[in-house]
Amino acid sequence: MQYLDSQYSSSNTTFDLSNPSSVYDFVKDQISNISSRVDQLNNGTAKIDQNSHNETMTSLDSMQRKVDSKLDNFKKNAEWKSFTIAFFGETNAGKSTLIEALRIMLGEDTRLKQQQEYSSLAKKLNIDSDEYYRIQSDIKGINKSISEFTQQRSDIDSKYSRLIKPIEDKKEHISLAIDAEYTEFLEAYSKEIESMNFEVMDLDVKIHRIKSLMPWWLKIIYIFKRLNEEKQASEIKKELMLIQNNIEDNKNRIYKKKSDEHEILNHEIQAILKSKESETKGIEKKAVEMESELKKLQRWIDAFCENTKVLTPFVDGNIIGDGRSDFTRDSINYSFNINNFPVSMIDVPGIEGNESLVEQEIDRAVQKTHAVFYVTAKDAPPNEGTLDRIKKHLSDQTEVWAIYNKQITNPRQLKKKLVSSQDEEKSLDELSIKLKELLGDNYRGTLVVAGLPAFLSQSTCLEPFSIQYEQQRKYLKDMSRDDLEKASNLSALELGLKQDIVGNVENKIRKSNLNKVRELLNESTEELVVISETYRLLEKDIRKKVDTSKISINNHFIELESVLKRESSRHISKFKSSVTKEVYSQIDQNISNSDFKIIFDSEIKEQVNIFEESMKHEVKKAIEKLAENIETTQTDFLNNVNKITKEYESFAEVNNINFDLDFNISSGVNMTALLSTIFGAGIAMIWNPVGWVLITATVAGLALSFAKSIFGAFSSNYKMEQQKKNVSKNLPKVCQKIQAEVDDSIKQLVIKMTDNKAEIYKSFEAVPEGINVLNKDLKHAITHFVQISDELLAS
């Protein structure tokens, strides 16, 4: 299958240089032509296995759909008029901060309009930052005064508490003394009262018992008359009443004494509190006045802050993230004019957040891009996951710069170089080495910028009193805007943009866009090369199995030949034995010589027929065994092929290789036709009319000689002896003739079987040969992909 370069070269077809975007349609047409040309390889004189060819076309069709889809995206997203720079990197690396600083510095139109709107609204709303800070200072002073008044009140409270405490202690002492006096008085009567209560209880029990034992008429009498015990109980109760009255009188007297003494002390406390009130009256009045002023000022601050909300949509830094992952989810394009050429900068979503949310946005952005800033906040090489993402998205870029966005949060850090330690320099060198390994010559170097100070050096329209506003006041307290711009390396970044990056722009745009197409073709070519190499190794492994199977098949045919020879010898011996036995049996019956000839001839023919049937059976049996052995070998071969193919498919799946064999190899050898051919040849070996005519002629022409003697005419024993000698002499000749015919037939069979073996070998070899044909098709496609890629490189 000869390949002529001139037949497939695409060099006669070029795309329109005045319409560079036509490159995408040009490449699609060329790839379509490749598929057509490979398909035509099967239409000439060099016919190939159709299944294998179909596999090739399926792989190419799949590749073509993939490439066409990517080319359509390139055509849709590619930028040919404006030089486009993408800010690409980890989430929260500060891409938006750097872009915002450049927007302000380079006068990006949208940012300028927003700043003008900000200034107009600030003037209209009379937003005076100085007045805000003056009032904040007043509020701070008032809060301080209120705090001082609070402290004064606390001091006065402590002072008068110290004066009142001795009086309170004295009151407590009086209360304790009077309570003790009353308790002592109460205890003096407690035993007497307890004894009298027990006595009354005893009398009540006694009275109850006496009355319960009285007859009824006596009970009536004692309704009007009292028992002595009742009189005694009444007297004791009177005494208890007198004691209780005495106790109550003494209690009132004691506690009146306590109340009188407490009242005297309370007058003293009131006098002290009156002095305290007089002393705090002025302080309280001032505190109330300050609280009122504080509320008034706070209302002014609240109104001021409410007005500043109107400015929020127009402030500098609105595009900067707030620390949340995936703050930027859409690719945002900003337009500039640098070196009198339109330039776009794209803020690309972060690659280390939830990338599935922004995958298409990232792809769209980098397909537009002609140069890339890979922004990182780490002075270290990217981890493996980030490197994989960089390779995935930037491998087809022609110009990639790294920006180390150093995290500066304190103005003191800017008093020395941004990269001031050997460890930091070493880490950045390792970053460059790693990116150089990954991107080759397309990696151009590393820039160092402090993004936050760079932004603060440019911003003039910050949200009043926001974190950024306060940060800017802190930075500009000790240095000018120009000094801050230089210290942050923003000036160096601007210089790099104008001198190194935005130059020879038209050629860079062309080179970048074409390179994306080349890399797509190279990627597809590499994939085809991997598939081709996988097929080559698979073919090699399967050919080893073919060789093993061919040896087995050959052994099966050798075994068939050996079996037929062995069985033919056995049946010829049997033939000889049968003829001898039967003819000798007839001779022993004293037959005549003429009868002997007839019987001898008839028995040989009969045993030849038996021999023929026996050999037919042996041939059938041997051929069936051959068929069984061939089928076993075929099954083993197919199982081995399927096993090897599955192993390669598993390998391909693990390594993301588009490898899917589906050859029709299960049908194997057409055993029915094969066995029919071999069996026919075997039967021909046994039933060969020419051969058997010769054998019969041999029998007819046997030189049967009988000695003529007088003794022979009278002696039966002599006659029988002569007849048996004739059998012993002539039967071996017949057997030799049969053996010669059988051996010749086996020889002819072996010759015929050689063709059958070749057909079987061919059926086995068709499997690796199909893979070989498929691989040749793939190599043609690879050659064409390389030609188109080289053509784009030369454009």
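A nonpolar core is a set of buried Ala, Val, Leu, Ile, Met, Phe, Trp, Tyr and Cys residues joined through side-chain atoms within 4.5 Å; buried means under 20% relative accessible area, exposed over 50%, and partly exposed in between (1.4 Å probe, protein chains only). The model is predicted, with local features needing pLDDT of at least 70 and side-chain atom pairs pLDDT 80 or more, while totals for chains, interfaces and linings use all residues. Residues are numbered from 1 along each chain as its sequence is written, and side-chain values use heavy atoms, without hydrogens and water.

Start inside. Select Phe-83, Ile-85, Phe-87, Phe-88 and Phe-373: these have the most contacts within the largest nonpolar core, which has 84 residues. (Helices are DSSP runs of H or I, at least four residues, numbered from the N terminus.) Next, pick Leu-560, Val-563, Met-720 and Val-742, which are among the 70 residues of a second, separate core.

Now go to the surface.

Select Glu-192, Glu-199, Asp-202, Asp-204, Glu-235 and Glu-239, a patch of negative charge. Helices H6 (129–213) and H8 (228–308) each supply at least two of its residues, and H6 has the largest share, 4.

Finish with Trp-216, Trp-217, Ile-220, Ile-221, Ile-223 and Phe-224, a nonpolar surface patch with about 780 Å² of accessible area together (Shrake-Rupley method, 1.4 Å probe). Trp-217 sits in helix H7, residues 216–221, and is partly exposed at 48% relative accessible area.

Methods:
Patches are made of residues with over 30% relative accessible area and no salt bridge: like charges are joined within 9 Å, nonpolar side chains (Val, Leu, Ile, Met, Phe, Trp, Tyr) within 5 Å. A salt bridge is a side-chain nitrogen of Lys or Arg within 4 Å of a carboxyl oxygen of Asp or Glu. Lys and Arg count as positive and Asp and Glu as negative; His and the chain ends are not counted. The place of a charge is taken as NZ of Lys, CZ of Arg, CG of Asp or CD of Glu.
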